[in-house]
Structures are given as C-alpha cells and as structure tokens.
Amino acid sequence: MSSNQRTLFQSWGCSVPHRDQSKTTSNRSKTTSDQRKTSSGQHKTTSDQHKTTSDQHKTTSDQHKTTSDQRKTTSDQHKTTSDQHKTTSDQRKTTSDQHKTTVSASERADRRSLWGETAAAPQHDEADDEDDDDVMLVAVFEAERSLQAGPEPGFDPSAGRVWIYPTNYPVRQYQLQICEAALLRNTLVCLPTGLGKTFIAAVLMYNYYRWFPAGKIVFMAPTKPLVAQQIQACYGVMGIPQQHMAELTGSTAAPQRRELWRSRRVFFLTPQVMVNDLSRNTCPAAQVKCVVIDEAHKATGNHAYCQVVRELCNQMQQFRVLALSATPGGDVKAVQQVISNLLISHIELRSEDSPDVQTHVHQRSLEKIVVPLGESLTRYQTQYLQVRHVMRGYDVRSG
C-alpha cells in the first residue's frame, strides 16, 4: 500500500493493524494445531477402544476354551465311571464263578463234607482257613439262591394273584378281615359259638384249593358230627366239588384210604385217623398245604392235634394252619400251649361285645326248666344216698 493510500485511510478514521493480522494468523495456526491434537487424541481413544474390544474377544475365547476343557474333563469322568461299572460287573461275575466252582467242589464226596468234619484231617492252619473260606462261600451262595428262589412248588401264580370271598351270603366285616389275615399267617380264630367259624374255614380251604392244584387240604374235628358239618359248609358255601372231597374214618379199609389220599384233594377226618395215616405213610405229608383244626383248645400236651402238627413239621416246613375255638383256654398258660403246639403266629379274637360283632349277636333269653327224674334215675339216686350215708358214718367212727 502506498503512502497516499495509507493517509487516505487514516483520514477516514480507519487503521491498518499489521501486528493484529499476524496475531490472528498465529491464533488460527494454534487452533488448527489444537484441532489436530484433539483429532490425534480421538484416534488414540479409538485405538484404546479397539484394544479393549480385542481384549474382550480374547477373554471370551479363553472362556470358550475353559468350557471346552471342562466338557472334556466331564467326558473323561463319565468314561472313568463307565470303566468302574464294568470292573464291578467283572468282579461280580468272577465271584459268581467262584461260588459255582465251590459248589461243584462240595458235591465231590471223596474230598470233604462242607457241613461236617473233613474227610482228611488238615495238617496246617492254612488248610483250616481255606476250608472256612469254602464253607463261607457256599453259605453265601445258598443264601443268594434261596432269595432268588421262585414261589413254592405246586403254587399256581395265575390263581394266586387273587383270593375269592363269597358274596352269596351277607358280608360280615369281621369275617372278611379274619379270612384275609388267615390266608397269609397261621391264625388262631377265637369267636363265640354261632358267629361263623365254619364259614371262615370254608373260605380259607377253598382258596388254598385253588392256589395249589395238586395240594391236599385237611380239616380235623374231634367228633364225626363236626366233620359232617364242615363237609356241608365247604360244598354249600364255597362250591368245592364233592368228587374232590372225602371223609375218612377209622372203619375205612387201609387200601381204600390210600386210594382216597391219592385221588382226592380235600379231606375231613378226626385227628387220630390223621395220626395213623401219617405214621403209616398213607397220607402224602409233602402235599398237605392247609390244615384246619376245630376245637383247637384241645391241642395241649400230647393230644392227637399236637402229634399231627409235629409229624407234618418233620416231613415238610410249609403249610398253613387255621385253628378255631370259642374258648382257647382257661388261663394264659393254656393258651400259650395251644399257640406253641399249633405254630400260631397271629390271633383273631372277638367277643359278643366287640363293635364289629354286636350287630350280628342275637338277644338270648334264658328259661329254667326242671325235669323230674324217672323211676330208674330215682332208684339210683336212693342207692347213692344210702351209700353216702354209710360212708359218712364210717368216717365219724374212724375219727
């Protein structure tokens, strides 16, 4: 700018600040530098964010790797458990083979008897230990075999799934409960006269008749009239075919009795006849599955009832006992004798005052009737009184 132009501007009141322009330019440069610095900081922040994201990706990758390692470890554990199960199964199989080998060895009588003394006396303590181990193995094997044993021989599983209770008569709850208990346990039934002991016996006999198609059912009573009464109950109440029932008495010939025991299944007899048939091997004791004993309170001492049960136990171990009595005994000792002699494990006791019996007990009226003695009884009475008078006078003179 020329001096004239500058003078003209000054005359208009304007100024031309040379340094201010330089300062503005400097400020602009500084602002640009700050912007660049800010941009550099942003780039740095973005770089840090990228780095953080990369670290997160790396951490996630490590977690995935750790999870994969855990899965691999779990798989190894499962494999180890499977190997252990397989090892256990092999050990059980080995033990079973050892048991089988031991039993085979026990069957050779020329070596030793496992349950008694050895055939040849051992010479060392080690031999004793081996024998004890053999005996123990056989005992374990026998116990396992008994636990795995099937149902009793002769038992029909299809028929044994249910038991039958007749509904052609009014159902009494106490009779139903007693029958259900007596099916599975040796039971002593104590009921007053007239409350259906014969009915309960018929139900039990019929179910064992069904469950054991080849078994023998026995009813014993001390008198023939009681035997005849039970025959009618089994036929009329439960419908047991008459051609399968037989009444045995002492007058029946021995060959006929043997044939009846062979061909019939349900038997009615007195205990003495049963004792005779068992002692003569006429009765197949191994086939007897159910024994019903009427008037069971007589089973004390060496009564025929006790002899029958003892003889059956000597020849077999599995048979059901049902004992019937209105008066099981006069005291605790007598009742305990009946329980022990008849192998009783359960007692069903009802009286006329029992809640489930009261509705079935009829009111009884007592009437006293005096019957005059006839001529013959009067003559005997007079003679008895004369003898008694003479004996009393003799006792007085002797005193």
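The structure holds four salt bridges, a salt bridge being a side-chain nitrogen of Lys or Arg within 4 Å of a carboxyl oxygen of Asp or Glu. Before I go through some of them, a word on where the numbers come from. This is a predicted model, in which local features need pLDDT of at least 70 and side-chain atom pairs count only at pLDDT 80 or more, while totals for chains, interfaces and linings use all residues. Residues are numbered from 1 along each chain as its sequence is written, and side-chain values use heavy atoms, with hydrogens and water left out.

Let me start with Arg257. Which residue does Arg257 form a salt bridge with? The partner is Asp277, and the closest N and O atoms are 2.5 Å apart. Arg257 lies in helix H8 and Asp277 in helix H9, so this pair ties together parts that are 20 residues apart in sequence. Helices here are DSSP runs of H or I with at least four residues, strands are runs of E with at least two, and both are numbered from the N terminus. Arg257 and Asp277 are both buried. Buried means under 20% relative accessible area, exposed means over 50%, and partly exposed is in between, with a 1.4 Å probe and protein chains only.

Now to the second group. Glu348, Arg350 and Asp356 are linked in a network of salt bridges. Arg350 meets Glu348 at 3.0 Å, N to O, and it also forms a salt bridge with Asp356, where the closest N and O atoms are 3.0 Å apart. Arg350 is buried at 12% relative accessible area, whereas Asp356 is partly exposed at 25%. Glu348 is buried, as Arg350 is.

Back to helix H8, residues 254-263. Its buried residues are Arg257, Leu260 and Trp261. They cover an arc of only 100° around the axis, which puts them on the same side of H8; the arc is that of the directions from the helix axis to the C-beta atoms. As background, an α-helix has 3.6 residues a turn, so residues three or four places apart point the same way. The face turned away from the buried side of H8 carries the exposed residues Pro255 and Arg262.

E2 runs parallel to strand E5, residues 288-293, and five bridges join them; two strands pair if DSSP finds at least two bridges between them. In that pairing, Phe219 stands opposite Val292. E2 also pairs with E4 in the parallel sense, over four bridges, and there Val218 stands opposite Phe267.

Is Pro222 buried, exposed or partly exposed? At 29% relative accessibility, it counts as partly exposed. Pro222 and Ile293 are 71 residues apart in sequence and 9.0 Å apart in space, C-alpha to C-alpha. Leaving aside neighbours within four places in sequence, the contacts of Pro222 include Thr270, Asp294 and Tyr305.

Notes: Contact = heavy atoms within 4.5 Å.
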